[in-house]
Amino acid sequence: MNWTDERVEKLKKLWSEGLSASQIAAQLGGVSRNAVIGKVHRLNLPGRVKAGGPVTSARSAPKRTAAPAPRATTFAGRVNAAPARILNRSNAATALHEEIGIETAQLLEYVPSRNAVTPISRRLTLTELTERTCKWPVGDPLKDDFHFCGCEALEASPYCKFHAKLAYQPVSERRKA
């Protein structure tokens with residue numbers, strides 16, 4: 001289906017009269033509701049006229065507010081709070097304006113715990129691993145000091161007791177997080 005000049009003019013006329021995209025598609029014939037909507041957006045036609053309401057632009061630029069500094073939360077319990085963003089949202093169909101508060105994303109800062117006991121690893125390389133050794137990676141694989149834990153692994157697990165607790169968390173703890 002091609003959009004001829006006559007069909008485009010008829011679309012503009014029907015759209016300005018306030019007909020819905022489905023009604024326009026039925027009057028034009030051979031075109032779907034979505035094709036009408038797409039053509040309206042490509043033509044940047046203003047919003048349909050509502051009874052007793054003003055004409056709104058179909059492509060009005062959203063109001064933007066300056067983004068506040070992100071809120072940082074550390075694992076040690078310290079929180080650097082930033083105020084929530086307030087955005088204005090308008091619904092073009094009903095020309096209503098509404099203010100909504102949006103929580104900004106949290107930036108997590110890792111602070112290692114001071115009282116954690118980590119077992120001494122055997123510092124094995126990839127070629128030294130067996131099925132009875134812990135395969136927990138330690139460090140950055142691109143660095144020279146990268147190694148695997150190498151402690152004795154649990155039965156039917158690739159990790160030692162310590163690393164198995166880190167890798168496999170009970171379902172109840174995951175739901176809490």
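The model is predicted: local features need pLDDT of at least 70, side-chain atom pairs count only at pLDDT 80 or more, and totals for chains, interfaces and linings use all residues. Residues are numbered from 1 along each chain as its sequence is written, and side-chain values use heavy atoms, without hydrogens and water.

His163 sits in helix H4, residues 161-167 (helices are DSSP runs of H or I, at least four residues, numbered from the N terminus). Leaving out residues up to four places away in sequence, show what His163 touches: Cys134, Trp136 and Cys149 (contact means heavy atoms within 4.5 Å).

Next, select the largest nonpolar core, which has 12 residues, including Leu11, Trp15, Ile24 and Val40 (a nonpolar core is a set of buried Ala, Val, Leu, Ile, Met, Phe, Trp, Tyr and Cys residues joined through side-chain atoms within 4.5 Å). At least two residues of this core come from each of helix H1 (5-16), helix H2 (21-28) and helix H3 (33-42). H2 gives the largest share, 4 residues.

Now colour H3. Which residues of H3 are buried? They are Val36, Lys39 and Val40. These three lie on the same side of H3, because they cover an arc of only 100 degrees around the axis (the arc is taken from the directions from the helix axis to the C-beta atoms). The buried residues of H3 pack against H1 and H2. On the face turned away from the buried side, find the exposed residues Asn34 and Arg42.

Technical notes
Buried < 20%, exposed > 50% of the residue type's maximum accessible area, 1.4 Å probe, protein only.
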